[in-house]
Amino acid sequence: MMERKRSDCPALPPGWKREEVIRKSGLSAGKSDVYYYSPKGKKFRSKPQLSRYLGNAVDLACFDFRTGKMMPGKLQKNKQKFRHDALNLAKGGKPDLNTALPIRQTASIFKQPVTKVTSHPGNKVKTDPQRGAEQPRQLFWEKRLKGLRSSDITEEVLRSMELPKGLQGIGPDSSDDALLSAIASALHMSSAPITGQTSVAAEKNPAVWLNTSQPLCKTFTVTDEQIREQERKVYQARKSLEEALTADGLARAAEITRGLPEERTA
């Protein structure tokens, strides 16, 4: 459920409307989205879209998209900051290049300098080989992804993907949704190949023999037929996207063509 409030926008030319949509449910309840409508009913979701459409007809440099008002103070503040930085550079000002170590803030009688640790082996200061290593993960951390759902701008839950039959989860709560989230997280967070749990003992006692760098699923093999099927799906998706972009471009060109005679008449 969403609450919509539409009103005139005095900062824009006559006929423009500002709409504020307040979300009533979901994790983002209480937040709002702002849209603008031209006199012809065209919807704008961001300030760059508005600027491209209006061009030089309206100066939107100090226009606040959220409130729909002109904010000259914001522009003046940016100009003053720019002048201040330019003046410092003109006077030969230099950035702060002080390399002194910070002082420890714990309660102590004497000031104790902080030991600087870096992961560069060639540096003369103390190195920490474990600093660049991957941090340990909690066992079965994928369970925190349970119940999370993606939704579109209308707060409607998107349909989840269907996993191939060869993928089978192991461990507690081995549902398809949890397995899908675990595989997606592994693909996003790791550059290593995703093979699943190769140890047979992990199926009997995953709490002891689990490989935490792999998702909670049995080992699987990707066949050539599955690769070809995925290639066909990608080709169809790209073709549909190309057709949609072409249709959108033609619609924009037709809209601009229709608007030119009206502007010349006005």
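Which residue stands opposite Val 34 in β3? The residue opposite Val 34 is Glu 20. The model is predicted, so local features need pLDDT of at least 70 and side-chain atom pairs count only at pLDDT 80 or more, while totals for chains, interfaces and linings use all residues. Residues are numbered from 1 along each chain as its sequence is written, and side-chain values use heavy atoms, with hydrogens and water left out.

**Sheet**

- Four strands form an open sheet in the order β1-β2-β3-β4, with antiparallel pairing; helices (H or I, at least four residues) and strands (E, at least two) are DSSP runs, numbered from the N terminus, and two strands pair if DSSP finds at least two bridges between them.
- At the edges stand β1 and β4, each with a single partner strand, so one side of each has no neighbour in the sheet.
- Strand β2 (residues 17-23) pairs with β3 in the antiparallel sense over 6 bridges.
- Ser 32 in β3 is the bridge partner of Ile 22.
- On the other pairing of β3, 2 bridges join it to strand β4 (residues 43-44), and the two run antiparallel.
- Lys 43 in β4 is the bridge partner of Tyr 37.
- The hairpin of β3 and β4 has 5 residues between the strands, and Gly 41 takes a positive phi near 95° there.

**Burial of β3**

- Strand β3 (residues 32-37) has 6 of its 6 residues buried, so it is largely enclosed by the rest of the structure; buried means under 20% relative accessible area, exposed over 50%, and partly exposed in between (1.4 Å probe, protein chains only).
- In a regular strand the side chains alternate between the two faces of the sheet.
- In β3, Ser 32, Val 34 and Tyr 36 point one way, Asp 33, Tyr 35 and Tyr 37 point the other way, and all are buried.

**Largest pocket**

- The largest pocket holds about 790 Å³ of space. On a 1 Å grid over the protein atoms alone, a pocket is an open set of points with protein on both sides within 12 Å along at least five of seven lines, where a 1.4 Å probe fits, and lining residues have an atom within 4 Å of a point. Grid points are joined across faces, edges and corners, and the volume is the space filled by probe spheres set on the points.
- The largest pocket is lined by 19 residues, of which Leu 163, Pro 164, Leu 167, Gln 226 and Gln 230 are the closest to its centre.
- Two or more lining residues come from each of α3 (176-189) and α6 (224-265), and α6 gives the largest share, 5 residues.
- By type, the lining divides into 12 nonpolar, 4 polar and 3 charged residues; Ala, Val, Leu, Ile, Met, Phe, Trp, Tyr, Cys and Pro count as nonpolar, Asp, Glu, Lys and Arg as charged, and the others, Gly among them, as polar.
- The largest pocket lies between domain 2 (163-221) and domain 3 (223-257), because both give residues to its lining; the domain bounds come from an automatic or database domain assignment.

**Salt bridges**

- The whole structure has 12 salt bridges, each a side-chain nitrogen of Lys or Arg within 4 Å of a carboxyl oxygen of Asp or Glu.
- Glu 3 and Lys 24 meet in a salt bridge at 2.9 Å, N to O. This pair links distant parts of the chain, 21 residues apart, with Glu 3 in strand β1 (residues 2-8) and Lys 24 in the loop between β2 and β3.
- Glu 3 is partly exposed at 31% relative accessibility, and Lys 24 is partly exposed at 48%.
- Glu 255 and Lys 42 form a salt bridge with the closest N and O atoms 3.9 Å apart. Glu 255 is in helix α6 and Lys 42 in the loop between β3 and β4, so the pair ties together parts 213 residues apart in sequence.
- Glu 255 has a relative accessible area of 31% and Lys 42 one of 23%, so Glu 255 is partly exposed and Lys 42 is partly exposed.
- Asp 248 and Arg 252 form a salt bridge at 2.9 Å, N to O; being 4 residues apart in helix α6, they are separated by about one helical turn.

**Leu 187**

- Leu 187 lies in helix α3 and is exposed, with a relative accessible area of 57%.
- Leu 187 and Gln 214 are 27 residues apart in sequence and 9.7 Å apart in space, C-alpha to C-alpha.
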